[in-house]
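Dear colleague,

Please find below the structure that I am handing over to you.

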Amino acid sequence: RLRRGDVLVAVDDLLIPTPEGGRHLAHLEPGVPAALWIRRDGRELRLEITPVSGCGPHGLSVRREEDR
């Protein structure tokens, strides 16, 4: 799970600072799992997320586990 202070490094093996990575992150599909690479406490970790429909700019939301 994502935590406060986590730094997003890549999504589906595309680096976030690249145009391709940014576009991919912006266009994740609700219900389709995605792999996130994050930096936490000096270590890189891989997490799997499944975006959900929401009311954000592209219709995706981030929800806390306790909100489900």
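**Salt bridges and the sheet**

Arg 39 has a relative accessibility of 38% and therefore counts as partly exposed. Please note that the model is a predicted one.

The salt-bridge partner of Arg 39 is Glu 44, with 3.3 Å between the closest N and O atoms. Glu 44 is likewise classed as partly exposed, because its relative accessibility is 45%.

In total, two salt bridges were counted. Asp 6 and Arg 40 form a salt bridge in which the closest N and O atoms are 2.8 Å apart. Asp 6 belongs to the segment before E1 and Arg 40 to strand E3, so this pair ties together parts that lie 34 residues apart in sequence. Asp 6 and Arg 40 are both buried.

Turning to the strands, an open sheet is formed by four of them, in the order E2-E1-E3-E4, with antiparallel pairing. Strand E2 (14-15) and E4 are the edge strands, each pairing on one side only.

Strand E1 (residues 7-11) and E2 run antiparallel and are joined by two bridges. Within this pairing, Ala 10 has Leu 15 of E2 as its bridge partner.

Seven bridges connect strand E3 (residues 34-40) with strand E4 (residues 43-49), again in the antiparallel sense. Ala 35 is paired in this way with Glu 48 in E4. E3 and E4 make up a hairpin, with two residues between them. In its turn, Asp 41 has a positive phi of about 50 degrees.

Yours sincerely

Key. Residues are numbered from 1 along each chain as its sequence is written. This is a predicted model: local features need pLDDT of at least 70, side-chain atom pairs count only at pLDDT 80 or more; totals for chains, interfaces and linings use all residues. Side-chain values use heavy atoms; hydrogens and water are left out. Two strands pair if DSSP finds at least two bridges between them. Helices (H or I, at least four residues) and strands (E, at least two) are DSSP runs, numbered from the N terminus. A salt bridge is a side-chain nitrogen of Lys or Arg within 4 Å of a carboxyl oxygen of Asp or Glu. Buried means under 20% relative accessible area, exposed over 50%, partly exposed in between (1.4 Å probe, protein chains only).
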